[in-house]
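Please consult the sequence and the structure alongside them.

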Amino acid sequence: MCGIVAYIGPRDAYPILMKGLHRLEYRGYDSAGVCLINDDIRIYKCKGKVSDLEDHVSGQDISGTIGMAHTRWATHGEPSTLNAHPHISQNKTLALIHNGIIENYASIRSELKNRGYLFSSETDTEVLVHLIEDIMINEKVPVEEAVRIALNQVIGAYAIVILAKEFPDKIIAARKGSPMVIGIGEGEFFIASDATPLIEYTDNVVYLNDEEIAIIERNKDLKIKTILNKAHTPYVEKLEMSLGEIEKGGFEHFMLKEIYEQPRSIQDSMRGRLHVDHGIVTLGGIRDYEQKIINAGRIIITACGTSWHAGLVGEYLLEDLARIAVEVEYSSEFRYRNPILSEDDVVLVISQSGETADTLAAIDLAKSKGATVLGICNVVGSSIARATHAGVYTHAGPEIGVASTKAFTAQVAVLAMLGLLIAQKKGTIPKSKFQQLLIELDNIPAKVERILKQNEKIRDIATIYKDVKNSLYLGRGYNFPVALEGALKLKEISYIHAEGYPAAEMKHGPIALIDESMPVVFIATKRGIYDKVISNIEEVKARKGRIIAIVTEGDESVKALADHCIEIPDTEEMFVPLLATIPLQLLSYHIAVMRGCNVDQPRNLAKSVTVE
Ligand code: G6P
């Protein structure tokens with residue numbers, strides 16, 4: 001959700017803050033603000049993107065070696081200058097930025113109003129800055145103590161940074177349920193809601209844990225305590241991320257760069273794990289839990305968005321390969337049900353960001369019922385990675401485009417390896433088949449590379465369909481989740497209404513929508529339930545629907561029926577999602593670009609959803 005960045009040290013803070021905000025803009029982009037302290041405390045903020053803030057600030061006093069900045073994704077209060085962060089306290093001595101939601105803000109707000117506090121925004125955040133000031137005044141305590149007392153009164157999630165005019169050499173930061181990382185440089189500190197703004201300055205980082213408060217002072221060691229006032233020794237970790245990974249590298253958009261990275265990212269997700277020569281798969285992160293999975297009564301996969309689609313592919317893979325019953329749940333539903341879970345169950349959570357609030361809550365629920373919780377995460381050190389009992393990183397590298405692409409294929413690759421690993425241990429597939437699958441999985445990156453060569457052709461198809469209002473994506477078996485993912489990609493970034501459906505379900509509803517203006521994207525690869533899908537294509541054609549088909553190289557039957565065919569190399573049925581998704585990502589990308597949409601930052605969406 002919102003992006004936070006702060007700095008204290010010998011350099012000018014403003015350029016560091018702005019560069020950091022640009023890096024974090026994928027987290028939220030409806031308004032932005034910055035606060036600097038020199039002799040006075042100065043706040044500049046406006047509706048719009050970080051570049052709008054830069055225009056707004058131009059010509060103003062931007063001096064100061066301590067400061068913080070924020071890019072917002074609105075929860076409470078519309079995107080506006082007044083609702084933008086930082087928020088300032090009544091006597092204008094404290095400023096605060098926040099990511100998360102203060103759930104009991106209404107009661108705190110009315111109490112403060114009764115005591116004469118005036119509110120200038122509609123946000124939940126503003127209560128916190130007034131509350132901290134109120135505590136400082138009434139209890140005569142320094143700012144860090146007032147923050148601690150205030151946070152004990154707050155229900156909800158927060159990552160906050162506070163600057164105080166009276167303490168121009170101090171930054172207070174705290175977190176609960178929203179991420180916060182502190183980069184430690186030579187005599188300087190960088191604070192941010194994820195590591196991307198820090199990497200060019202330092203690779204020594206401390207991830208704050210829930211209910212921890214950091215007291216960051218100029219030329220002093222970092223201090224951390226809990227909101228219950230218990231001191232914690234900061235645990236300094238090495239950041240493994242390079243600058244090149246978070247830059248566009250010559251591509252017009254991060255999304256396109258990330259689509260093109262997939263041969264490499266899928267390879268990276270398998271590196272050191274898929275040992276074709278030795279005929280084994282190893283997943284070091286869950287080695288101690290292999291027996292638990294083998295003995296599991298059930299695996300419940302829980303996730304949101306694109307990660308949920310990867311979970312659906314995982315269901316097919318794990319049931320096919322490992323013969324373990326799998327259920328797939330939206331985290332947001334799972335967390336509020338009363339699911340029947342036992343110590344025999346394994347809950348597998350999938351998350352790119354590792355910060356999705358609903359998925360984190362699902363983990364808590366599963367743990368409270370005694371289940372073993374394993375994670376498949378992309379962001380190293382993220383909250384989900386730390387909250388699970390064990391897990392496997394996808395190693396796709398930072399994903400900046402809001403619409404997930406390379407994270408999805410890396411998740412599916414990890415799920416395929418998990419299925420193979422358990423299958424081998426359980427002996428659920430013959431040795432020869434296992435080896436054949438290993439070889440084929442190893443071939444996938446090269447096959448993805450071949451698909452990317454069809455970019456021009458896919459762009460031509462996009463030109464024809466860029467102005468449609470609706471579209472349907474149909475697939476069966478392993479291609480059903482691919483249809484869902486293809487439809488999600490299109491609606492996310494081009495704002496065209498798109499629905500994914502199991503192809504055979506078409507006749508129970510969507511077929512009523514089909515006429516000559518409705519493009520239908522079929523994922524109609526050979527193997528699986530190919531013949532039946534051909535019948536579905538015939539049904540669409542009979543109703544004058546326009547057909548775009550993803551087919552296996554050399555296919556002739558679908559070609560005879562479809563308006564357009566995009567060929568993908570043949571592969572094992574269970575690995576088709578790793579290939580068939582790629583042309584659908586490109587199709588959505590080109591359509592969105594042609595419609596003039598902001599591909600990397602689609603309206604109303606955010607990369608990591610840290611609120612419910
Ligand atoms: C947001 C993102 C999606 C992502 C989903 C789940 O909606 O825009 O791309 O799939 O959250 O996020 P996670 O980080 O848990 O995979």
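Q: How are H13 and H14 oriented to each other, roughly parallel or roughly antiparallel?
A: In this predicted model, the axes of H13 (residues 406-426) and H14 (residues 431-452) come within 11 Å and cross at roughly 160 degrees. Angles over 145 degrees count as roughly antiparallel. The two helices, H13 and H14, are therefore roughly antiparallel.

Q: Which hand does the crossing of H13 and H14 have, left or right?
A: The crossing in question is the one at roughly 160 degrees between the axes of H13 and H14. The crossing of H13 and H14 is left-handed.

Q: How many residues of the contact of H13 with H14 are nonpolar?
A: H13 contributes Ala416, Met417, Leu420 and Gln424, which meet Phe434, Leu437, Leu438 and Leu441 of H14. Among these residues there is one polar and no charged residue, and the number of nonpolar ones is seven.

Q: How many charged residues take part in the contact of H7 with H13?
A: The axes of H7 (residues 262-270) and H13 come within 9 Å and cross at roughly 35 degrees, and the crossing is right-handed. From H7 the contact involves Gln262, Arg264, Ser265, Ile266, Ser269 and Met270, and from H13 it involves Lys406, Thr409, Ala410, Ala413, Val414 and Met417. Besides six nonpolar and four polar residues, the charged residues number two.

Q: Which residue has a side-chain N or O atom 2.5 Å from an oxygen atom of the ligand?
A: There are 13 residues around the ligand, and those that come nearest are Ser307, Ser351, Gln352, Ser353 and Thr356. For the side chain of serine 353, the distance from an N or O atom to a ligand oxygen is 2.6 Å. The distance of 2.5 Å belongs to the side chain of serine 307.

Q: Is the peptide bond from histidine 85 to proline 86 cis or trans?
A: Proline 86 lies in the loop between strand E4 (66-72) and strand E5 (87-88). Omega of the bond from histidine 85 to proline 86 is near 0 degrees, and the bond is cis.

Q: What is phi of lysine 140?
A: Lysine 140 is in the loop between helix H4 (126-139) and helix H5 (143-151). Phi is positive in this residue, which is other than glycine, and its value is near 50 degrees.

Note on methods
Residues numbered from 1 in each chain as written. Predicted model: local features only at pLDDT ≥ 70, side-chain atom pairs only at ≥ 80, totals over all residues. Heavy atoms only, no water. Axes fitted to C-alpha atoms, helices over the stretch in contact; angles between N-to-C directions. Helix = DSSP H or I, 4+ residues; strand = E, 2+ residues; numbered from the N terminus. Parallel < 35°, antiparallel > 145°, perpendicular 65-115°, else oblique. Left-handed = near helix turned anticlockwise from the far one by under 90°. Contact = heavy atoms within 4.5 Å. Nonpolar A, V, L, I, M, F, W, Y, C, P; charged D, E, K, R; others polar. Near = heavy atom within 4 Å. Polar contact = N/O pair within 3.5 Å; in protein donor to acceptor, adjacent residues only side chain to side chain.
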